[in-house]
Structures are given as C-alpha cells and as structure tokens.
Amino acid sequence: MSKVIGIDLGTTNCCVSVMEGGAVQIIPNKEGGRTMPSVVGFTEKGERLVGQIAKRQAVTNSSNTLYAVKRLIGRKFDSPEVEKMREVVPFEIVEAPNGDAHIRAVNEVHSPPEISAIVLQRLKQSAEEFLGDIVTEAIITVPAYFDDMQRQATRDAGKIAGLTVERIINEPTAAALAYGFDNNKSEKIVVYDLGGGTFDITILEINDGVFEVLSTSGNTFLGGEDFDQRIIDWLVDGFKEENGIDLRQDRLALQRLKEGAERAKCELSSVSETTINLPFVAADASGPKHVNAVLTREKFEELVSDLVESTVEPCQKALWDAKLQPEDIDKIILVGGQTRSPIVAKTVEEVFGKPPSSEINPDEVVAMGAAIQGGVLAGDIKDIVLLDVLPLSLGLETRGGLFVKLIERNSTIPLRNTMTFTTVVDNQQTVEIHILQGEREIASGNRSLGKFELVGIPPADRGIPQIDVTFEVDASGIVSVSAKDKMTGLEQAMQVTPSSGLAPDEIESLILEAKKSAEVDRQARDAIMTRNTVSTLIENTRKSLIEFGKDLPKEDQVEIKTVLAEAEKDIAEGDPEKMREAQARVEEVAGKLSDALMSLA
Ligand code: AMP
C-alpha cells in the first residue's frame, strides 16, 4: 500500500502530514508554510487561487474569495447556520435545486465539496512533491459532531480531489492519537478543540495503545470566526458613532475590518494592547475616514466572554457522559488556533481544575494524528487501536410510533447490533423499516434518516414471523441497516444517506429537548404500550371466542362481545385511564372464557 496522508481540513487553515520512517512529518506547502489557509479565490480571468495567495486577494476581490466553506458542507440553504453565515460573508451563498447551500463566484455556482476539493487537491500536490510519489489515499478529519451528511460530503470532497478517503476520523481523536503515539502511559485525557469555526470536546482513555473515546460533545458553529466578528461589530459600532457611516453596507470595508480584527485578536494572545489601523476605510463630504482603534486584551475578553463561556456546558456534559469528575482527568490538550487566546486556557483551567498541557502545537496535532491513523491502515504502525463513538442514538420506529433504540449514543464504533422484530397484523407481508436518530422515546421527536420495506414475508399470524434488523456503523461513523426474514432468508438493506443532515447544534438541542420531554414521552409511551397490550388481548380473546365460544351459554357470549366492543371504543378514544380499566375488564372475561372452556373439556 502506498503512503496514506493525513489531512486536517480546517475551517480556517488546513494541514497535511505523513508517516515517514516511523515518525510523523508535517508536509510544507509551496510557500513554505506548515499550514495553509483554507481559502479559494476565483479571478475574473478564470484562474483559481488557493491558500495564502487567495487569502491575500480577499481585500480586492472579496465576493470571489471563499473561506469558512466547511461551515456550509453538508448543510441546507435554509438552515439557521447558513442564514447566520450569509449575514457575514462577502460572497454569495445560493440555494441548490436539492436545497443544499451552494456558493456563487464569478457567475458560476459551486457546491461546498467542490470548493473543499480544490483545497484538498493542493494538499495532495504538496504531498506528492514532498514524497516524490503519487498519493491516492488519505485520512481526513472532521469535527466529532459532524453528522452522517457532513461526513459523506467531506468524503465526496476527497473523491472530487482524486483521493480515496480511507477513513474519516474525528479531529479530537486524531489529536489524542498524536499525543499518545509515543506515550505508553495509561491516562484519561480531554481534548478541547476550538478552531476557526467549530468547537469539540472529547474525553478519551488511553490504555496500552488502545485509544477509547469515552464521550464527545460540542458545537460546530462556534469558533475563531465568531471572535473576529465580535471585534468587527465593535469597530463598526464605534465608527458609526464617530462618523455616522455604517460600514456594514460596504463589503470591501468589512473585508479589511475582518483582517484587522483577526490580526488584533492574534496579537492580543501575546500582548495586552494593540492598535487597529485601517486608513481610508470610507469617505464622506468632509473627506476620507480612517479606523484607528486601540483594543486592550481586557476589552477583547469582555467582547468574547459569552462565547468562551458557552464552551463550559459541553465540557460538563462530556464529563457527565463519561461518568467522570474533573479530578479524574490526567491531561487536557488544547487544539485549534483559537485556544491561543489566554481567556480560553483560563476558562479550561477553571472547568477542569488544572492548566492545559502546552507541549503540542495546536495547529499541527490533528493532521499528525490523521497521518498516524494512515500509518495504522497502511500497516506501518502496529499496536494502536482506535475506538471512536457515535454522537447520537440510532433505532427504529415500532408499533404506535414508539422509538426503539438499537444503538445508544456514545457507543464505541465500528459496531453492529441486531434485534428481532415481528409483524403486528395477521398475514402482514411487508414491514416498513423506518430508521431514526435521536434521544426521544417517541419516533416523531427524532430525526428520520431513511425508510425501506421488507416485502414478501409469507402469510402468518401476527407475532409469528421473525425479522432480524441489523444496524452497522463503520469506523467512519457511516450507518447501514439491513432487515432479514429469518424463515425465508429474504433480505433488504440500505446505507443511510439522510436527506438532510443533523446539525450538531440540533443534536445538542435534541438531547436537551429529550431531557425536557422525558416525562411527556414517558406518559405517551405508557399510553401506547397499554393500547398495544389491550388490542392484542382483544384480538386473542375474539379469536378464542370464535373458535370455542359456541359451546358457552348465549348470555356469556353476548357479555364477552360487549366487553370487547367497549374496550375497542376506549382504545379508539385513547384515554390511558379508561384503557387500563378496559384491560382489566377484558382480562376478566378472557379468564371467564378459558375457565368455561376448561370445564367443558
Ligand atoms: P484552526 O481552525 O485550528 O486553524 O484555527 C484557526 C482560528 O484560530 C482562527 O480563527 C484564527 O484567527 C485563530 N488563531 C490563530 N492564531 C491565533 C492566536 N495566536 N491567538 C488567537 N487566535 C488565533
């Protein structure tokens, strides 16, 4: 097998790495940088610019310079995240016929995987020049909270770039791999990853070369870009107050403000005060206007404090899910450029009660981990096992609209689980397999991932056919489901390709919503279970009555029929209390029926 490269396809910057002679090497790009801006520019002449050179022309060609495209990958145009992005970027985001968010540049529409593919292609080229060999295989990292749709879109981007994506791995898991590669210790580590556009928190246990993810949480719509925006807003408001001009309407000015804001933010990681100086930003009748603002670290921290604070809850949730206390954590690794702001490290220390480790370069660690996984797949590295997790439970809709979980969230992947189901009506020849993802007990409260039918089940009484439903989640977190009728061996399968992906924030709110709705769901579930029990009871009693009832006295037959009819009415009305009473009455007459039959026998 040829070399498998490891790619960190970041929102803001990307990095490529490879295993060479048992060590991880970061591959430098043409400009000599070890990371490259994830920026693609299109010029009027039809040229494509990638990386640093594209970023440089952003000021003069802002509507054709595309950045933060990772925020759009696998997303629908009308999702709140895309709406938010449309407000701040100078390029045009448009709706594709299938509802996805696409981008227009120099009068041409591109999908996000296409743009990401341009970046990936450049990284592939750098790797080929570095290795002096063709590269066709890659490991690409994604935020742990990327759903099936976003993972598949990332894989598509690789395909477009001419790469076979051997595995998609989670960024924090990759970081832990890089950290623990030469480290034989047994420990529990937290990876706190705040990059340009996403936030992930992952807790792992490393034990004898086994990397096991215990829990993961995050928000894929929080990152350095939001920090920049806070500074931009502050500058725009100050400028308006001073000069009465609203720079929000001026794309070119906004682009310059963005650059100035990001530069100031990065400087404030090492100095306590900086100046943002942007001459000739605007002009009015009185002449040209300039931005000249002093930003202190204290003011910056005030502007972004709620953003940093919003990372605390996911940290606590991840600890809770891993059943750990802050003091159980041995090490905290910071990943992503935005963790260089001191307020981030301070907040992390407050949550976990110890300072984060600073031994690994946060910009390179993810790509290094991806390269190590590449080395494992190529067979160059032995003794490392990576056990990742699924971010949200998977299951099926069953009778009455209940959700049956087949795989719990935070389960280790790859995995496979089979459960046996049956039919609910006599002679049922088709079963619909409706696959859902979420935490609610009621199917309609979860996200539908897809449906398929198993047809041709031989006629039989309900409850007799046995249908094995198997869920499989591969090591990249991609789901497939199959259903098999045990008697005939008939089988149907599908790979889940959700029609619209689960946004990570949606995952969070689904979990939250599920918690809030637990009581409502429990009552609804009880009602459905009672209805199911009573209708089975009615059905069976009626069958026995038809078969053996003719030997009973006429009045008993009438009584049983009446009780059954009334119980059916109660079921139709759906009041849980009445259904339980109906259950008791049906049980009573069913008992009478069997006593009478026994005495006749
Ligand atoms: P990543 O996605 O990991 O490349 O992170 C990029 C984000 O980190 C961008 O928002 C950068 O502005 C931010 N960043 C990079 N260097 C620094 C720094 N020294 N201080 C604060 N933020 C930084």
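1. Ground rules. Residues are numbered from 1 along each chain as its sequence is written, and side-chain values use heavy atoms, with hydrogens and water left out. In this predicted model, local features need pLDDT of at least 70 and side-chain atom pairs count only at pLDDT 80 or more, while totals for chains, interfaces and linings use all residues.

2. The ligand shell. The ligand is surrounded by 15 residues. A residue is near a molecule if one of its heavy atoms lies within 4 Å of it. Gly196, Glu262, Lys265, Ser269 and Gln338 are the closest. By class, 10 of the shell residues are polar, 4 charged and 1 nonpolar. Here Ala, Val, Leu, Ile, Met, Phe, Trp, Tyr, Cys and Pro count as nonpolar, Asp, Glu, Lys and Arg as charged, and the others, Gly among them, as polar.

3. Helices at the ligand. Helix H6 (224-243) and helix H7 (251-267) each give at least two residues to the shell. H7 has the largest share, with 3 residues. Helices (H or I, at least four residues) and strands (E, at least two) are DSSP runs, numbered from the N terminus.

4. Polar pairs. The side chain of Lys265 has an N or O atom 2.7 Å from a ligand oxygen. The side chain of Ser269 has one 2.6 Å from a ligand nitrogen. For Gln338, a polar backbone atom lies 3.0 Å from a ligand oxygen. The protein covers 87% of the 500 Å² of accessible area that the ligand has on its own (Shrake-Rupley method, 1.4 Å probe).

5. The largest pocket. The ligand sits here, meaning that more than half of its atoms lie within 2 Å of the pocket's grid points. A pocket is an open set of points on a 1 Å grid over the protein atoms alone, where a 1.4 Å probe fits, with protein on both sides within 12 Å along at least five of seven lines; lining residues have an atom within 4 Å of a point. The space is about 790 Å³. Of its 38 lining residues, Thr12, Asn13, Gly337, Gln338 and Asp363 are closest to the centre. The lining has 17 polar, 13 charged and 8 nonpolar residues.

6. The second largest pocket. About 670 Å³ of space lies here. It has 29 lining residues, with Lys84, Glu87, Val88, Val89 and Gln229 nearest its centre. H6 gives the largest share, 8 residues. The lining counts 13 charged, 12 nonpolar and 4 polar residues.

Notes
A polar contact is a pair of N or O atoms within 3.5 Å; within protein, one must be able to donate a hydrogen and the other to accept it, and residues adjacent in sequence count only if both atoms are side-chain atoms. Grid points are joined across faces, edges and corners, and a volume is the space filled by probe spheres set on the points.
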